[in-house]
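Please read it alongside the sequence and the coordinates.

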Amino acid sequence: MARTSRGKTGRHLAPDEAQANGRKTAAKAVPQQPDAVDDDLPLAREAQRAVRVLNPSGAVTMPRPTRRRVFAVANQKGGVGKTTSTVNLAVALALHGNRVMVVDLDPQGNASTGLGVEHGAGTPSVYEALVEGQPLDEIAKPVDGIPSLYCIPATIDLAGAEVELVNVVAREGRLEKSIETFSGELDYIFIDCPPSLGLLTVNALVAAEEVLIPIQCEYYALEGLGQLLRNIELIKAHLNARLRVSTILLTMYDKRTKLADQVEQEVRGHFSEIVLDAVVPRSVRVSEAPGYGQSIMTYDPGSRGATSYFEAAEEIALRGAKLSRRGKNQKGGN
C-alpha cells in the first residue's frame, strides 16, 4: 500500500502530489542561469536591425541585376514620398553591394540635400547635362560614406530648363543621351522626378525602362494616378516602347487608421503583383534625416523606417534577379 506524506498544513498528501512538491522545491533551490544574449530586449532588436541595414562587412547581400536598371520615380502629386523613397532605396542598395546613381531632376534639389551633396548656385548639375550637353562623368559626385553611390545634383537653374528646351530638337530624349555618356559601371539609376507631368518628367520616362510609383496611404494620393498611368502609356506608345510600371511602393502608412488599410487593400487589389510587400510607415525619424544631410539608413539604421526601406530595396533586387533568370531561360529555350 502506497505511503502518504504530511504537508506543511498537516494534510496527508498523495505520493504524486508529494513528488510534485519536491520538484518545485528543487527548482527553487537551483538558481536560474541568465541567457547569454537576450534578443527580446528592444535595444538588442534595434541593434540587430541596424547591423542588418548597414551591412558593415560590405558584402554583396542584395543580388546585382544582369544589366543596368533605370527607374523613374514618378507621381505628379507632391508629398507622397518620391524623393525620400529615391534616396533611401538608393542608399540601401549601395550599402549592400550595388553600384547606384541618383539623378535629381527636381529643381528643388531635395534628393541632393538628402544625400548631403552640394547643389548651390554655380554647381555643375543636371541642368548642364540637359541644356548644354555636359557629360555626366564631369557632373556625378560620390556620396560621402556610401560606397558606389553617385548623385547628379539639381540646382535652381533647372527651373528654367523646360522653357529653354522648348525649341531644342529631340528635347524629350536629352536625359537619355546624357545617361548613355556615363562611362562608369552601374547596376541602378534612380531618377527623382518633379511633382508634375512636364518636360522634365517626360525626359525621365524616356530615359527609364521602369517606373516606380510611391503612393501615400491616403485617399487623395489615389486621385490623379489614372492620369499618370495614361501619360506613361502615351510615352510608351510614341517615345519609349520599353517603358513599364514595374513597382508600386506604399508610403506613410499609419496603422492606427482604417483609411490606410483601405487604401492598401484597394491598391493591392488593382495592381496586385507589382505592389511591394514592404510598406513604409509614417515616421518622424524618416522626416528628420534630410535635415542632417542623411538618409534614414544612416541617420537611424535601427528604426522601423530604415528597416522598411531596406526590405523594399531587397524586394526590388530579388525581383530583378528573378526576372533576369527568367529572361535567360527563355533565351536559352529558343
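Asp254 and Arg256 join their side chains in a salt bridge, at 3.0 Å from N to O. The term covers a side-chain nitrogen of Lys or Arg within 4 Å of a carboxyl oxygen of Asp or Glu. Asp254 counts as buried, at 15% relative accessibility. Arg256 counts as exposed, at 72%. Buried means under 20% relative accessible area, exposed means over 50%, and partly exposed lies in between (1.4 Å probe, protein chains only).

The model is predicted: local features need pLDDT of at least 70, side-chain atom pairs count only at pLDDT 80 or more, and totals for chains, interfaces and linings use all residues. Residues are numbered from 1 along each chain as its sequence is written, and side-chain values use heavy atoms, with hydrogens and water left out.

**Salt bridges**

The structure holds 15 salt bridges. Side chains of opposite charge can pair when their charged atoms come close.

| Asp254 | Arg256 | 3.0 Å |

Asp187 sits in the loop between α7 (174-180) and β7, and Arg99 in the loop between α3 and β4, so the pair ties together parts 88 residues apart in sequence. Helices (H or I, at least four residues) and strands (E, at least two) are DSSP runs, numbered from the N terminus. Asp187 is buried, with a relative accessible area of 3%. Arg99 is partly exposed, at 21%. Both residues also belong to a network of salt bridges that links them with Arg64 and Glu185.

Asp300 is buried, at 13% relative accessibility. Arg285 is partly exposed, at 35%.

Strand β7 covers residues 188-192, and five of its five residues are buried. Both faces are covered. Tyr188, Phe190 and Asp192 are buried on one side, Ile189 and Ile191 on the other.

Which strands pair with β7? Strand β3 (residues 69-73) pairs with β7 in the parallel sense, over five bridges. Strand β4 (residues 100-104) also runs parallel to β7, joined by five bridges. Two strands pair if DSSP finds at least two bridges between them. Ile191 in β7 is the bridge partner of Ala72. Val103 stands opposite Ile191 too.

**Helix α3**

Helix α3 spans residues 82-95. The expected span is 1.5 Å times one less than the number of residues. Of the 14 residues, 13 are buried, so α3 is largely enclosed by the rest of the structure.
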